[in-house]
Structure formats: structure tokens, C-alpha cells
Amino acid sequence: MELNELEKIRAEKINAMRSQGIEPYPTRSEVDHSIRQALDAFAQFEADHQDEPFSETFILGGRIRSIRSMGKLAFAHIEDGSGRIQIMLRLNELGEEALAQFKDYFDLGDFIQAGGTLMRSRTGEVTLLVSSFKMLAKAVSPLPAAKDEEVDGQIIRHATLSDPETRFRQRYADLAINEEVREIFRVRSAVVRALQRFMDSHGFIEVETPILQPIYGGAAAQPFTTHHNQLHQDLYLRISFELYLKRLLVGGLDRVYEIGRDFRNEGVSFKHNPEFTQLEFYWAYADYLKVMEFTEQMVSTVAREVLNTQKVQFKGQELDLTPPWKRVELRQGILDACGIDIDQYPDAPSLLKAMNAKGLTAKPDSTRGKLIDALIGDLLEPNFIQPTFLYNYPRDISPLAKNVPNNPAVVERFEGFMGGMELCNSFTELNDPLEQEKRFIEMGRAYENDDEERHPMDEDYLQAMSYGMPPNGGFGMGIDRLVMLLTNTTSIREVILFPHLREREEE
RNA sequence: GGGCGCGUAGCUCAAUGGAAGAGCAGUGGCCUUUUAAGCCAUUGGUUGAGAGUUCGAGCCUCUCCGCGCUCACCA
């Protein structure tokens with residue numbers, strides 16, 4: 001470990017401490033209360049016994065976040081996972097040697113244990129009057145923290161650590177410094193718990209299906225590939241859970257869900273990370289209309305339980321998650337947005353011509369479904385700010401979904417949008433094995449010359465369906481995006497603890 | 001992958017092609033109720049890496065690395 005100048009100074013302090021018989025990394029601590037507990041106890045005492053001194057003693061532990069040191073007195077703030085408190089070290093209580101030790105050896109970022117009683121300082125802040133303290137863990141590297149600056153009488157507040165590269169590469173430092181970042185991940189954890197509670201309370205069981213898969217499927221995405229050495233077998237990291245979860249319906253598990261990681265070998269953006277967390281569920285005897293209602297209940301319930309409100313701020317706008325959400329039929333939505341009635345253009349060339357006439361462009365050789373998908377992405381998605389369900393999708397981009405009755409070109413599928421982002425995707429699942437096989441073959445033919453879009457046929461999935469699959473509604477939702485919406489963050493990297501970054505080149 | 005922008009002290013940022021700076025952090029002093037503590041002094045730089053143009057490059061040119069935005073991609 002190469003030490004810079006600041007680190008060398010701290011390393012020397014470690015040596016100095018050891019030479020005085022002080023262990024900078026002791027094995028045990030005697031911390032007996034969290035900071036929150038101490039603050040609560042003091043507040044309770046004050047409410048009951050006004051103006052009496054509080055004699056109970058507390059031993060608190062935490063990271064030193066600020067130091068204000070005077071000649072015979074020093075203040076500091078320490079912070080643990082529960083909160084922050086000011087401590088006061090005074091010559092009267094500690095004696096010269098101990099106070100000098102604090103001043104000589106303790107820096108910002110060190111973990112300290114401090115014991116004493118609680119009081120209010122002259123300015124009224126609840127303060128631990130320290131009678132004893134010890135180092136719990138010396139920080140060698142200073143946290144990359146900055147303070148604010150005063151220029152021409154104007155206070156300029158710098159973010160403590162704002163460089164995104166440093167924040168994400170050294171997330172531990174980002175978390176240690178920025179309380180609001182810790183809060184995002186508390187919310188994230190609470191969101192996952194609330195989703196599980198919601199699913200459990202509706203009779204679903206949580207299951208785990210393979211991440212390493214011999215055949216990938218259930219979505220249109222490029223997979224990561226890997227290899228099992230002993231078995232001489234190529235494997236893929238899953239791009240969705242769908243095909244395995246529906247096998248479970250065949251097996252008699254009527255309501256299943258999984259929360260876990262998907263891996264897609266594709267572009268990275270503010271809303272795409274190569275690995276991301278998804279909730280998928282499959283619900284026997286339900287269809288996409290039931291799932292639609294279930295979805296708005298689920299998301300609004302989660303928001304209420306986690307944030308105590310169903311109205312969230314996102315990118316300067318208020319999103320109202322209260323059911324029912326707006327419903328837009330896909331054909332009508334596109335007609336309203338650009339005047340094109342997709343039903344009048346049954347094939348790709350005619351639709352493309354109509355789009356070109358409106359000044360809309362698309363990749364050449366797109367299928368009809370791809371063109372419609374492009375229309376959704378360009379014209380509809382950015383404008384779906386309030387929660388909106390878009391429903392009834394073209395069949396050729398939805399090979400696993402069931403037709404709308406008496407309409408072979410359209411399937412029972414919806415996507416949920418809000419804040420201008422796609423949040424979830426759902427359909428009445430196709431459960432006719434012969435039809436499913438036809439669709440796979442169609443897909444294979446449509447993308448015969450397109451390696452990126454061609455997907456392998458999953459014979460075992462067809463075998464499962466052949467035993468009989470109950471009619472069901474399926475659902476998938478990006479948890480990362482949901483957390484973005486609930487925490488008002490604009491990049492998926494903000495809600496993933498260790499987002500993917502390019503590997504740093506060694507010199 | 002394409003386009004645009006950025007990379008200077010531990011952190012946040014300055015610096016017409018002409019002597020690399022500030023605030024905070026650090027270090028040494030003074031200071032027993034501070035909280036963005038204060039006052040005095042002071043250390044700290046391969047300006048992302050490499051090459052080129054120039055009498056002279058943080059600044060101009062090229063290559064590379066990384067980050068951001070954006071486009072493409074993403075049933």
C-alpha cells in the first residue's frame with residue numbers, strides 16, 4: 001500500500017501510539033449504547049425531570065466527523081449507524097495526559113469509543129461529557145471530505161465528495177461521508193422487504209431459480225456467457241427468470257415470485273446496468289387485467305409503507321401512485337401521439353412509409369413490432385410521467401404472450417411507465433405448447449440473419465408446457481428503477497451499491 | 001460503438017501560450033462551551049499517461065486511459 005503524505009503522518013501516529021502502549025486497533029470495545037439510544041434516553045429523562053442532572057453513563061462508539069479543539073477543551077462529533085452526537089473533552093475530567101493524547105492521535109475518520117454522561121452544552125446541544133475514551137480503529141487514509149468555502153462574503157457549499165468516479169469506485173467512502181447515500185440504500189432495503197411482504201400476503205411463495213442456465217430466454221437481450229470446466233459445458237447468466245418460474249406453475253406452485261439479479265450484455269446508461277435486480281411473479285388463473293390492478297396496489301402499498309406517502313417527487317414533478325393508474329391502449333396512444341393508426345399498416349414496409357411521411361425514422365429492416373416499439377420509445381415513454389399502463393402489444397415482439405381473443409395480431413400485454421421510464425412488463429402468458437413452438441419458430445425466422453436477435457429454442461420449456469400449464473398472468477419489474485423513482489435519483493448507479501465501471505488500466 | 005464535454009494538491013475549484021494558485025483538510029503555535037470554531041505561521045503538484053508544435057505548454061495538435069452527457073443498442 002503506497003502511502004501519500006497525509007497517510008504517512010497518520011501511520012506515524014499509529015507507531016507513536018504503539019510505542020506508548022496504546023493499541024490503535026483493539027480487539028474489543030465496551031460500547032453499550034447506540035447514539036440513537038443515548039439521545040432518546042436523554043430526551044426521555046429531560047421530559048420527566050426538568051433541570052436535574054442526568055447521571056446515567058453511556059459508552060458510545062462511532063466515527064469522528066468533526067473536531068473543534070481549543071487549548072484545554074475539545075469538541076467533536078461522532079457518528080454511528082444510528083445517528084450523530086457531540087462529545088466534549090475537558091481538561092477537568094480527563095487530565096492533561098489524556099487530553100493531549102486526543103489532540104495528538106485522533107483524526108477525522110477514526111473510530112473512537114467515548115464514555116461519560118449526557119448534558120447540554122452552553123449552546124444547548126446534547127453533548128457527551130467524556131470521562132474516558134479510547135481508539136477503536138485508526139483511519140490511515142483521510143476520508144475524501146471537503147468543507148465549505150466563503151468567497152466575497154458568500155457561502156459556497158461544496159459537496160463533500162461529488163466526483164462520480166470516486167464515489168462509485170470507492171462507494172465505502174461515499175457512504176461513510178454522505179448520509180443521504182446511506183439513506184438511499186436503507187430505502188432500497190425497505191422496498192425489497194415491502195415487496196416481499198406484499199407478495200407473501202397474497203399467497204405467493206418466494207423461490208430461487210438458476211442463474212447459470214444452459215439456454216437463456218424470457219427476454220430479448222444478449223447474455224453473458226461462461227463455462228463449466230468439469231462438465232465441459234457452456235453456460236449463460238440468466239437474462240430473465242421467466243421460463244423457469246413458469247415451469248413451476250406446471251409443477252403446481254400456483255403463485256411464485258423471485259427477486260434477484262438479471263444480467264444483460266448490453267449498453268450501459270443512466271437506466272441500464274449490466275446486472276440489475278428484478279421482481280418477477282407468475283400467478284395461476286390470473287390474466288393481465290388482474291395483474292394490472294395488482295401492480296398499482298403493489299407499488300402504491302410499497303410507497304406508503306416505505307415513504308409514508310403515495311405521492312413522490314421525481315425530477316421536479318410529483319408522481320401520484322394512488323390507484324387507479326391511467327390506462328392507454330397502445331393503438332390509440334400512438335394514434336393520438338402522431339396520427340398513425342397502426343391497424344391500417346399490417347406490415348413493416350407500409351408502417352415505415354407512414355412513419356417516414358411524418359418525419360419519423362427507424363432502423364432499416366425493422367420488423368413491424370420493432371417499428372411500433374420505436375414509436376413507443378420515442379413518442380410515448382418520455383411523456384408517461386404519471387403512472388400509466390400501456391396495453392395490447394403487437395404479437396411479433398411478444399412471443400410468450402397470449403393473443404387478445406379474436407385478434408391474432410395483438411397480445412394481452414402491458415407495460416407500466418412513470419417518470420418517463422418503463423418500470424414493468426406483464427402479460428397473459430401463452431400456455432398452448434403447440435402455439436408456443438410456432439412462435440419460437442416464427443421468431444427464429446424473423447431474425448434469421450440477425451445473430452443478436454435470434455434466440456435459442458427451449459425444448460425443455462415446451463416439454464413442461466406440454467404437461468399442461470394453468471392460464472396465468474406474469475409480471476416483471478426493475479427494482480432499481482422503482483428505487484430510483486422512490487428516492488428521486490436520476491441514475492441507476494445511484495441506487496446500486498457497486499455499479500459497473502470500466503476497469504482501470506494498470507500503468 | 002459514434003458525437004460533445006471533462007480530468008490541476010487529500011477534497012472542491014482557479015490560473016491570455018510567459019514564475020502553478022485559493023478555500024478546506026494536514027503540520028506547528030495561541031485558545032476551557034465550540035459546532036463551517038477563531039487567530040498566526042506553514043507543508044503539500046510527474047497539471048490522467050505518452051508523444052508533438054513552440055524560445056516557452058495546465059492551455060495548441062495527435063494517441064491512449066478514465067469519467068460525464070448524448071446518440072445507437074436495449075421484444
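Predicted model: local features only at pLDDT ≥ 70, side-chain atom pairs only at ≥ 80, totals over all residues.

User: What pLDDT does chain A average?

Analyst: pLDDT is the predictor's confidence in each residue, from 0 to 100. Chain A averages 88, and 94% of the residues score at least 70. Over residues 148-159, however, the pLDDT is below 50, and this stretch has 10 contacts (heavy atoms within 4.5 Å) beyond near neighbours in sequence.

User: Into which domains is chain A divided?

Analyst: Domain bounds come from an automatic or database domain assignment. Here they give domain 1 (5-137) and domain 2 (179-325 + 386-495), and the centres of these two domains, taken over C-alpha atoms, are separated by 49 Å.

User: At what angle do helix 6 and helix 8 pack?

Analyst: Helices are DSSP runs (H or I, at least four residues) numbered from the N terminus; axes are lines fitted to C-alpha atoms over the stretch in contact, and angles run from 0 to 180 degrees between N-to-C directions. Helix 6 (residues 179-201) and helix 8 (residues 288-307) pack at about 135°, with their axes 9 Å apart. Angles under 35 degrees count as roughly parallel, over 145 as roughly antiparallel, 65 to 115 as roughly perpendicular and the rest as oblique, and helix 6 and helix 8 are therefore oblique to each other. Among the residues making the contact are V187 and F198 of helix 6 and F294 and M298 of helix 8.

User: Which helix does helix 10 pack against, and at what angle?

Analyst: Helix 10 (residues 348-357) packs against helix 11 (residues 368-380) at about 30°, their axes lying 8 Å apart, so these two helices are roughly parallel to each other. A348, L351, L352 and M355 in helix 10 meet R368, L371, I372 and L375 in helix 11.

User: How far apart are the axes of helix 7 and helix 13?

Analyst: The axes of helix 7 (residues 242-250) and helix 13 (residues 459-466) are 9 Å apart, at an angle of about 25°, which makes helix 7 roughly parallel to helix 13. In this pair, L243, K246, R247 and V250 of helix 7 meet D460, Y461, A464 and M465 of helix 13.

Definitions and conventions
Residues numbered from 1 in each chain as written. Chains lettered and ligands numbered in written order. Heavy atoms only, no water.
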